[in-house]
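Have the structure open as you read.

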Amino acid sequence: MKDITTSVLKIDNEEKSKGSAIYVSDITIPGMYYAKTVRSTISKGKIQKITLPEMPENYTIVDYKDIPGKNIVRIIFEDQKIFAEDEVTYYGEPIMLVVGPDKLIIEELVKQIKIEYIEETPVFEYVNSAINYNFKKGDAKSAFENADKVIKYDYVTGYQEQLYIEPQGMVVDIEGDKVTLTGSLQCPYYVKNAVLSALDAKDSEVRVIQAVVGGAFGGKEEFPSLTTTQLAVAAKKIGKPIKMIYEREEDMEVTTKRHPSKINMEAAISKDKEILAFRANVGLDAGANIGLSGVVLSRALIACTGAYTIDDIEVNGDVFLTNTVPNGAYRGFGAPQMLFAVEMFMHHIAKEIDCDPLKLRLRYLSKQGDATSTQGTFNDPIIMNDMIKKAMKESDYKAKKIKYAKEDVYKGIGMSWFLHGCGFTGSGESTHINALVKLRKDKNDKVHILIAAVDMGQGIRTTMMKIVSQVLDIPLEQTVYDLPNTDLVPDSGPTVASRTIMIVGGLVARAAKQLKENWTPGEELTVSERYKQPEYIKWDEDNFVGDAYPAYSWGVNIVEVEVCPVTYQVTLQHVWSVYDVGKAIDERIIMGQADGGIMQGIGYGYLEVMNSKDGRIQQKNVTDYIIPTSVDSPPLDTYLMDNPYPLGPYGAKGAGELTLVGGAPAVALAIEEAIGKKIHKIPVTPEYIMELMKNGKN
Amino acid sequence: MVKNVIPVSYSEALDLLNERPFKIIAGGTDLMVQRRSWAQTPPKFSEDVLYIFNLEELKYIKEVDGYIVIGSTTPVEDVLKNKLTPNLLKAAISIMASPALRNMATIAGNIGNASPAGDTLPILYTLDAIIVLESIEGIRELPIKDVITGPGKHIIKQNEIIKELKLPISVFTNSAFEKVGGRKADAISKVSFTGAVNIKDNKVLDFRIAFGAVSATILRRKDLEEKYVGLTKDELIGKVDEIVADYDPFVRPIDDQRSNKEYRKTVALNLLRNFIETL
Amino acid sequence: MAKIKFKLNNKEIEIDENPNLRLLDVLRDKFEFTGVKEGCGEGECGACAVLINNDIVNSCIVPLGNVNGKEIMTIEGYSETKKYDVIKDAYAEEGAVQCGFCTPGMIIASESLLNKNPHPTEEEIRVGLSGNLCRCTGYNMIVKAVKSAAKKGDGLW
Ligand SMILES: Cc1cc2nc3c(=O)[nH]c(=O)nc-3n(C[C@H](O)[C@H](O)[C@H](O)COP(=O)(O)OP(=O)(O)OC[C@H]3O[C@@H](n4cnc5c(N)ncnc54)[C@H](O)[C@@H]3O)c2cc1C
Ligand code: FES
Ligand code: FES
């Protein structure tokens, strides 16, 4: 039998290359209508009066009054309205849809709708805490009291936009009582449940089908639940199929983004330069709704010591509501903000206590058996030492470090270490998700993989088919994995949190074993497997005590840059990465994840500027929101380590997010070294570099 | 009723322009974005449109009487590849937008759009380009600085068309175009710098400086340049502080979603200083 | 309205249409080509790229009036060629296709580049692809794919 890591060609290469793959914008249904959203034009206030134009035949307004069920997008925290009622809380908040057959007429109608508001003073500062979490490990309080020195630094991170190249889009069809929603989405069952609640419908009345997804990165995790519920309500009202594809500006202005954050770090330092304790205080800007922000905050807080073991810690974090566009899921989910702060902080501590940062960091690097930040245990082998050595050797780190330390050399090399908890935080997997997978063997002995996992480019369809074919020892072509349709596949959970291979893939492998044991040629058979939390994993959600994740993936990123002292622009020279994702189910697929992830992480660190002014996003198109092009991107060298995780399929752990989370600190550290000034903020733009070179601290 | 026309000849285009107002489209890379509407609906043109991009008569690059003459519908990619094209102009075009854009965009469109961030404009200013405007009434030849009057503003009349540009052939011993955008391709200039000098027998014969995106139109000051003609190279370099100080009051950029004025100003002056110091 | 003649994927076409229409909309809505995609609608991402007279353009900012007398090739037409097979295989083997939304445009950009420069350096490849945004791959594997296509398809361009 072949090593599972050996790459196969992805099953959807052909259709994607020649353009025949059907994305949501490619779907047309005869007699289909279009919808446009009418949005709030103020950041906060009461809706006083809405004046509608006379509606021509076949043109309709759809608003909250049309919702048969609850006017709430059902998701983890239920505070987002499908349509605003009598008040608005952010610029761009949806108030109603205008639906009809002709786009030009719809646009005309939208223009004629007059909404009068009583404006209220919006809040854009971090003052209105909606969620507070805090936890402790050990006794940080006395450590700080006994400290020889306390080192404090503040770190700030900006928005990040997912910028999937395919904008959000959704099509709804309706036949009798049944609505079918097809779209660009990550989580078919999130959408289904949200629509069920909005329509107050029976389970059999709602079906969700995934179209080929043109990139998501978290941006299509919870947001599509909003657009689908709106469209489902509209379809129920008028009985017509409707298509709604966002324009790029609309997508960038009103869809969820990575939470901006402010993080204060404090370290208690002893006389002999030991780090005694950490205090972290994290503020996340949630925008106008809480949504997933609580979960994002937990992940951030749990990552408060990064790849290090610090015995005594005190962590506090808030989700702040502001009158701005709601933020949400984005690959990394709170970890990128925190890991940036931690990695910078470790270096800044080293500088203050006059210690070689590498030595200091190695001293605190987590080892197998260490307690995690939440008093759980790193149960599995941690091979970071080998990974660091490998990365340093491949990049010639030490020699470059010495060379670039000189005053007049504007080059730098930065190294980040990080981990990413695989799967849902805490007991989410067993309490919220409770994944179910099925495999069906048909009469021709073809094996159908029945799961709700969505391939959005990360190659899940290919890897799942590989797992099944490997376990059953049948050719790949004998397995079938169609785009999920909730009428046909069980709820195997959302395609998020780097859980799909490890959790869903694990269940699929088990189901395949079952199928193998009961295999009778020519006979139909369906087997299923449901998630069971491993016994040894204990989690106390209220106190943040226990094993926050069943397993961790680990990584090292090294980024080399050159900064132009005339224009302050950064040129990326080279990137090296070493990852422990357990076992790669398909090497080429993981390498692809690695390349894309690191470039998003690095982009977050130095390039991608998005800010909000008076509650409005300023960079609303691809010209103004800058992501790397092929000439900005350097050569990327990635090395995968073999460190099989006993409970993952073939030893696999999560990989999707890990590759992003270390990019920002690595590039920021490289720039810090190149310019010889401390960096506290990402993205490290040329404007910021100029400021630092003029007035920054060494 | 809007009537859009694809003329078959340049003279037809001139006739039409004389009959009634038209919006001229060349490559359309500015206009199609500015007039963009909801996908699947026509871009919003309230005026009649005249499509001139395919007028082969205006696609040429030639040398005539000490000028390089570029026909107005020549896509910048063709300008880039032509060996007659001055190096400075090539430098600006080679980092304009992306290959796909360069196959459509025209220099005339860059002029018509009159953005202070237009990348070919500082070069046209530096080279003292003459813009040839034609209408049924005749031809006007104007220096570029008299054509563009402000952001998006120019003096081209309703019935006129940019026929061609004439670039006086000039000799520079040192020249540079530096574009500072948000990324290395596909970017709009936050600020740009153009410098060109001709130093012969250790004497500065010609000294030209232009900045993009630091004021309402391209910044070029002949009065300042003249101060430094006639110096030796070392004298010129020795006066770098004075030169930077001379330009300082005229570099008046703005804050926007792409950058801020402090950065634009600092970098513009850094580029000037760097250019002179490394002559 | 205006009569507009052009060649589309080697077929002669004559239509009477509003010349202001975006070529993108005409290709998608009239000719039902799904390989020409809209990512930004403002010329920045390259998802809508097609070839006009063998050169890459972004069809979202090309008015129909500008294609009169031209030869347009979309990925649908291009995928019938041998060169496409070489590029497509190289993309597959290097892992250059993820979500696929940028892929047809990237392949068009690769063709436009190789057509002018059959043996590009890495630098030239990166410049050739610089108008095509990809958020999934970090470009690494795409650049490798173009390199490998140039090698394997040696003589085709
Ligand atoms: C994605 C993208 C990236 C870009 N990047 C850059 C960049 O890096 N640098 C840069 O400088 N620009 C850039 N631009 C802007 C644009 O491409 C340039 O301004 C280009 O030169 C415009 O040329 P065009 O022929 O396409 O103009 P059009 O859009 O056709 O016309 C622009 C204006 O000029 C007028 N006009 C055109 N031709 C004539 C003529 N012969 N006579 C009279 N009036 C005329 C038109 O009426 C119109 O008002 C970019 C645009 C896009 C969409
Ligand atoms: S859709 Fe045309 S370039 Fe983005
Ligand atoms: S593969 Fe997804 S954008 Fe390129």
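How much space lies in the largest cavity? About 540 Å³. Keep in mind that this is a predicted model.

**The largest cavity**
- The structure holds 11 cavities of 30 Å³ or more.
- For the largest one, 35 residues make up the lining, and A:Met456, A:Gln458, A:Ser498, A:Gln593 and A:Gly656 lie nearest its centre.
- Helix H15(A) gives the most to this lining of the largest cavity, with three residues.
- The lining of the largest cavity splits into 16 nonpolar, 12 polar and seven charged residues.

**The second largest cavity**
- This one has about 180 Å³ of space, and 21 residues line it.
- Helix H7 (293-302) and strand S16 (411-422) of chain A each give two or more residues to its lining, with S16(A) giving the most, three.
- Its lining has 11 nonpolar, eight polar and two charged residues.

**Ligand 1**
- You'll find 31 residues around ligand 1, with B:Ile24, B:Thr29, B:Asp30, B:Thr106 and B:Asp119 the closest.
- Those surrounding residues come from chains B and C, so the site is shared between chains.
- H6(B) supplies the largest share of the shell, five residues.
- One oxygen atom of ligand 1 is 2.6 Å from a polar backbone atom of B:Ile24, and a nitrogen atom of ligand 1 is 2.8 Å from a polar backbone atom of B:Ile162.
- The protein covers 93% of the 970 Å² of accessible area that ligand 1 has on its own.

Conventions
Residues numbered from 1 in each chain as written. Chains lettered and ligands numbered in written order. Predicted model: local features only at pLDDT ≥ 70, side-chain atom pairs only at ≥ 80, totals over all residues. Heavy atoms only, no water. Near = heavy atom within 4 Å. Polar contact = N/O pair within 3.5 Å; in protein donor to acceptor, adjacent residues only side chain to side chain. Areas by Shrake-Rupley, 256 points an atom, 1.4 Å probe, with all protein chains shown as cover. Helix = DSSP H or I, 4+ residues; strand = E, 2+ residues; numbered from the N terminus. 1 Å grid on protein atoms, 1.4 Å probe; cavity = no way out; pocket = protein on both sides within 12 Å on 5 of 7 lines; lining within 4 Å. Points joined across faces, edges and corners; volume = space filled by probe spheres on them. Nonpolar A, V, L, I, M, F, W, Y, C, P; charged D, E, K, R; others polar.
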